[in-house]
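The points may be read with the sequence and the structure in view.

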Amino acid sequence: MIKIVVPVFVGGALGATLREFLMLMVPQGSRGFPLDILVANLVAALLLGFVAALHSRKITSDGGYALIGTGITGGLSTFSSFAYGSAVLMTHSTTSAVVALAYVLISLVTGYIAVIVGLKLGKKRSDPKNS
C-alpha cells in the first residue's frame, strides 16, 4: 500500500504546485470567465488520458500511474474551483449566468476531448508500429 500512497502524495504536491503556477500565468477571461481553471483542468485531463493509455498497455507501472494519474492530475485539476467559479458566476447577473453556462459546457466538452486526445496519444506512443 505504501508503494501507491507515497507516489500519490508526492504527485499531489507537484500537481498542486503546477496548478498554482498555471493559475498565476493564465489570465482571467473576459466577463469573469475562469480561463485559468479551464486550462488547469484541460491539461490534467489530457495528461490523465495519456498516462491511462500507457498504464493500460503496461508501459507505466502502478506506481507511475499513482504518481501521475492520481497524484499529479488530482493536484492539478480542480473540481472544487470549477464548481465554485460556476456558482459565483451564476449569481451575479443574467450575463454572468450565461458565461457560467458556457463555461460549464466548454469545460465538459473540451475536457472529454482532452481525455480522448490523451488516450490516443498514449496509444500511439505505445504502439511499436508508430515508434
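1. Some terms come first. On a 1 Å grid over the protein atoms alone, a pocket is an open set of points where a 1.4 Å probe fits, with protein on both sides within 12 Å along at least five of seven lines, and a lining residue has an atom within 4 Å of a point. Grid points are joined across faces, edges and corners, and a volume is the space filled by probe spheres set on the points.

2. The model is predicted: local features need pLDDT of at least 70 and side-chain atom pairs count only at pLDDT 80 or more, while totals for chains, interfaces and linings use all residues. Residues are numbered from 1 along each chain as its sequence is written, and side-chain values use heavy atoms, with hydrogens and water left out.

3. The largest pocket has a volume of about 290 Å³. It is lined by 16 residues, of which N41, A45, S77, S107 and G111 are the closest to its centre. Helices here are DSSP runs (H or I, at least four residues), numbered from the N terminus. At least two lining residues come from each of α2, α3 (62-76), α4 and α5, and α2 gives the most, with 6 residues.

4. Which residues make up the largest nonpolar core? A nonpolar core is a set of buried Ala, Val, Leu, Ile, Met, Phe, Trp, Tyr and Cys residues joined through side-chain atoms within 4.5 Å; buried means under 20% relative accessible area, exposed over 50%, and partly exposed in between (1.4 Å probe, protein chains only). The 8 residues are F33, I37, L38, F82, L89, V99, A100 and Y103. Two or more of them come from each of α2 (35-56), α4 (79-92) and α5 (94-126), and α5 provides the largest share, 3 residues. A second, separate core has 5 residues, among them L22, V26, A44 and L76.

5. The aromatic residues deserve attention. Rings of Phe, Tyr and Trp (its six-membered ring) pair if their centres lie within 6.5 Å; planes under 30 degrees apart count as stacked, over 60 as edge-to-face, and the rest as tilted. The whole structure holds 3 aromatic pairs. In one of them, F79 and F82 are tilted, 5.7 Å centre to centre with 45 degrees between the planes. These two residues lie about one helical turn from each other, because they are 3 residues apart in helix α4. F79 is exposed, at a relative accessible area of 64%, whereas F82 is buried, at 12%.

6. F82 also forms a tilted pair with Y103, at 5.3 Å centre to centre and 55 degrees between the planes. This pair links distant parts of the chain, since F82 belongs to helix α4 and Y103 to helix α5, 21 residues apart. Both residues are buried. Together with F33 and F79, F82 and Y103 form one aromatic cluster.

7. Beyond its neighbours within four places in sequence, F82 is in contact (heavy atoms within 4.5 Å) with I37, N41, Y103, V104 and S107.

8. S86 lies in helix α4 and is buried, with a relative accessible area of 8%. Its side chain reaches the backbone oxygen of F82 at 2.8 Å. With neighbours within four places in sequence left aside, S86 is in contact with A100, Y103 and V104.

9. Finally, K58 is found in the loop between α2 and α3. Its phi is near 65 degrees, a positive value in a residue other than glycine. K58 is exposed, with a relative accessible area of 73%.

How values were computed:
A polar contact is a pair of N or O atoms within 3.5 Å; within protein, one must be able to donate a hydrogen and the other to accept it, and residues adjacent in sequence count only if both atoms are side-chain atoms.
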